[in-house]
Amino acid sequence: MSTDTNMHRVVVVGGGFGGLQAALRLRSARVDLTLVDRRNFHLFQPLTYQVATGALAPGEIAYPLRAIFKRHRNVRVLLAEIAGFDLGARELRLRAVDGVPPPAAIPYDTLIVAGGSHYSYFGHDDWRKPAAEVKSLESALTVRARILSAFEAAEMEPDPQRRAAWLTFVVVGGGPTGVEMAGQIAELARDTLRNDFRTVDSRTARIVLVEMADRVLTSFPPSLSARAERSLARLGVTSRLGQTVVGVDEEGVAIDAGGGAVERVPSRTVIWAAGVEASGLASRLAELTGAERDRAGRVTVEPDLTLPGHPEVFALGDMVRVRAADGSSTVLPGVAPVAMQQGRYVAKVVRARLSGRETPPFRYRDKGNLATIGRAAAVADVKGV
């Protein structure tokens, strides 16, 4: 790591898509760059559902951050959590992760925060344990263990009703992750495991996808949503649309089907893929800068992705919404291309400032959307096609 005190000090928080892209674009610039993350690897999050169903090994979607930057002596990777921001002193305060002591604080000239988001349980935090999500590598491995253990338990269970509960898998949320997860579990039951058991037929597994909207994949055109639902049905997935989960425990879920009717679905494996809320870092930055927040906790940033009154602090990715020139705010899709484009843009702004140049406001280029449903099925909304 360079110790030249005349170099511009850039601190990037978060090694996800946005933070990593910013760091990659700045690694060859004349800056002292520090990348801070509570994990020492970059995770290709769109494929965590494949790890959760055993289709991929963890090492296939995770890569060490230190290995990415090992040839760049001006880049330092720190394993730490964010304890706080001192915007006046331009310092980032840190705390230990897994007992590894970081510096108490690190100074910066430019701060780039890409804290991401996590699933929202809509005020029911007690649902987190029985209904695991697949947004992190650790949680994906937890879900994988639960799915495979459910088939093993069904093999040993003599009671038909209890066996049926073990072979019922409920996925909450009909967005891309929920659809992909439901389709992958169906493939696992109907193809991968069909000859592995003697007492039970894995093909009798029941996969239930619950979505409160009237269609799956609401970010896609309605025609593609209908196509996706038909593909799921061919795999044996039951889509419960326009219905809401009102209870989750170790024995199953309660579903409000409308009209005051609540149905109990016995299931020992529930996967949560519904609703997201911004990282808590967004709330902290909003409180310190007076920036607005929306109901999902996203902080409002300026057109150049800086915080109000603090042009040296950038925020990007799932944790922000962007203010337009007319004062309105836009929430961009919570997908990897948005964070990646914002990360590259922020790096461009930092480079331009060091050279005394101006940059135009951020503009997102939407290239389309894609969701995988099964081994030979997917839907894609490709712009221009």
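These legends accompany close-up views of a predicted model.

**View 1. An open sheet of three strands.** The strand order is E20-E23-E24, and the pairing is mixed. Strand E20 (299–301) and strand E24 (329–330) form the edges. Each of these two pairs on one side only.

**View 2. The pairing of E20 with E23.** Strand E23 covers residues 320–323. Three bridges join E20 to E23, and the two strands run parallel. Val301 stands opposite Val322 in E23.

**View 3. Helix H6, residues 176–192.** This helix has 17 residues. From first C-alpha to last, H6 reaches 22 Å. That is close to the 24 Å expected at 1.5 Å a residue. H6 is mostly covered, with 12 of its 17 residues buried. The buried residues are Gly178, Val179, Glu180, Met181, Ala182, Gly183, Gln184, Ile185, Ala186, Glu187, Leu188 and Ala189.

**View 4. Helix H1, residues 17–26, and its burial.** Eight of the 10 residues of H1 are buried, so the helix is largely enclosed by the rest of the structure. Buried here means under 20% relative accessible area. The buried positions in H1 are Phe17, Gly18, Gly19, Leu20, Gln21, Ala22, Ala23 and Leu26.

**View 5. The packing partners of helix H1.** The buried residues of H1 pack against both strands and helices. The strands are E1 (8–13), E2 (31–37), E3 (41–43) and E9 (110–113). The helices are H3 (65–68) and H9 (336–354).

How values were computed: Residues are numbered from 1 along each chain as its sequence is written. This is a predicted model: local features need pLDDT of at least 70, side-chain atom pairs count only at pLDDT 80 or more; totals for chains, interfaces and linings use all residues. Side-chain values use heavy atoms; hydrogens and water are left out. Two strands pair if DSSP finds at least two bridges between them. Helices (H or I, at least four residues) and strands (E, at least two) are DSSP runs, numbered from the N terminus. The expected span of a helix is 1.5 Å times one less than its number of residues. Buried means under 20% relative accessible area, exposed over 50%, partly exposed in between (1.4 Å probe, protein chains only). Contact means heavy atoms within 4.5 Å.
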